Amino acid sequence: MESEEDDYSIELNRVQKNIKLFLAKVASQKGVVSYSDLCRGVALPYSMANPDHRNQLAEDLGRVSEEELCWYERPMLTCVVVDKNTMMPGKGFFDLAQELYDIKIEDRMMFLVEEMRDTHEFWSSVDGKKEIARLEKEIASFIS
């Protein structure tokens, strides 16, 4: 029988690990990034004008959030990905947050501010920098 911990074992694919590393670096600088700049930064073949590509990116981001929250018990790293017009994550981010945290989000802005503060705090810390170095090493091992 699987333990409850096994339910949260998430294995990110290479694309998702590259997304995670890129977002971790953005968060370590206490920044945000638009969806389209994320795609360019990670060299993803996605166009935000294509609904299938948006769905694939949403799936990739969801997996990163699930790993961060459920496996590492850290805030949702994907909170740093925002729409360039609204400067807010998309509806899917908040829907997933409600599911993963098992809460009803009444005030999206308040939730986002708290999640982003916690995300920036972790990734700009010594532990966050160590995790970035670990991710870089892991991703480099794919190439060699």
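The legends below describe several views of a predicted model.

In this model, local features need pLDDT of at least 70 and side-chain atom pairs count only at pLDDT 80 or more, while totals for chains, interfaces and linings use all residues. Residues are numbered from 1 along each chain as its sequence is written, and side-chain values use heavy atoms, with hydrogens and water left out.

**View 1. The protein chain contains seven helices and two strands.** Helices (H or I, at least four residues) and strands (E, at least two) are DSSP runs, numbered from the N terminus. Along the sequence, their pattern is α-α-β-α-α-β-α-α-α. The C-alpha trace spans about 45 × 40 × 35 Å along its principal axes.

**View 2. F93 of helix 5 and F111 of helix 6 form an aromatic pair.** A search of the whole structure finds five aromatic pairs; rings of Phe, Tyr and Trp (its six-membered ring) pair if their centres lie within 6.5 Å, and planes under 30 degrees apart count as stacked, over 60 as edge-to-face and the rest as tilted. The pair of F93 and F111 is tilted, with 6.2 Å centre to centre and 50 degrees between the planes.

**View 3. F94 and F111 form an edge-to-face pair.** Their ring centres lie 6.4 Å apart, with 65 degrees between the planes. This pair also links helix 5 to helix 6, across 17 residues. F94 is buried, as is F111. One aromatic cluster is formed by F93, F94, Y101 and F111.

Notes:
Buried means under 20% relative accessible area, exposed over 50%, partly exposed in between (1.4 Å probe, protein chains only).
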